[in-house]
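Thank you all for coming. I would like to walk you through one structure this morning, and I will begin with a single residue before turning to the chain as a whole.

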Amino acid sequence: KNMGLYGQRVGALSVVADSQEEAQRVLSQLKVHIRPSYSNPPRHGARIVQKILSDEQKTDAFVEQCSSMAGRINSMRATLKQ
C-alpha cells in the first residue's frame, strides 16, 4: 500500500488561443512554469507520512483502515460480479 495523499495541487487552467501556433507557444510557456512545481513537491505530505509511520498506534490504525477499505472494495467487486 502506498501513502497516497489527496488534496495536493488541485486546480485547472483553460486557455483559448486564436491559432494552433499560439496555442503551442502558450503550452510551451506553461510547461516552463509548471515543471518546478512537479520537480519540487511540497514537504508537508512527507511529514504526515513520517508522523504516521513513526508512531506505532498511528501505524496500526493506518494498516487497519487500509485492510478495512480493501475488504469493502473486494466485497463491492463480488457484489457487482453477481
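Predicted model: local features only at pLDDT ≥ 70, side-chain atom pairs only at ≥ 80, totals over all residues.

Thr59 counts as buried because its relative accessible area is 19%, which is under the 20% cut-off. If we leave aside the neighbours within four places in sequence, Thr59 is in contact with Ile52, Leu53 and Ser54. Burial of this kind applies to 5% of the 82 residues of the protein.

Let me stay with helix H3 for a moment. H3 has 26 residues and reaches 37 Å from its first C-alpha to its last, close to the 38 Å expected at 1.5 Å a residue. At the start of H3, a side-chain oxygen of Asp55 comes to within 2.9 Å of the backbone nitrogen of Gln57.

Now to the chain as a whole, where the secondary structure comes to three helices and zero strands. The protein exposes about 7600 Å², and carbon and sulfur atoms supply 54% of that area.

Helix H1, which covers residues 20–39, has 20 residues and reaches 28 Å from its first C-alpha to its last, close to the expected 28 Å.

Finally, a word on confidence. The protein averages a pLDDT of 85, and 85% of the residues score at least 70. Among the elements, helix H2, residues 44–53, has the lowest mean pLDDT, at 86, whereas helix H3, residues 56–81, has the highest, at 94.

Definitions and conventions. Residues numbered from 1 in each chain as written. Heavy atoms only, no water. pLDDT = per-residue confidence, 0-100. Helix = DSSP H or I, 4+ residues; strand = E, 2+ residues; numbered from the N terminus. Expected span 1.5 Å × (residues − 1). Buried < 20%, exposed > 50% of the residue type's maximum accessible area, 1.4 Å probe, protein only. Areas by Shrake-Rupley, 256 points an atom, 1.4 Å probe, with all protein chains shown as cover. Contact = heavy atoms within 4.5 Å. Polar contact = N/O pair within 3.5 Å; in protein donor to acceptor, adjacent residues only side chain to side chain.
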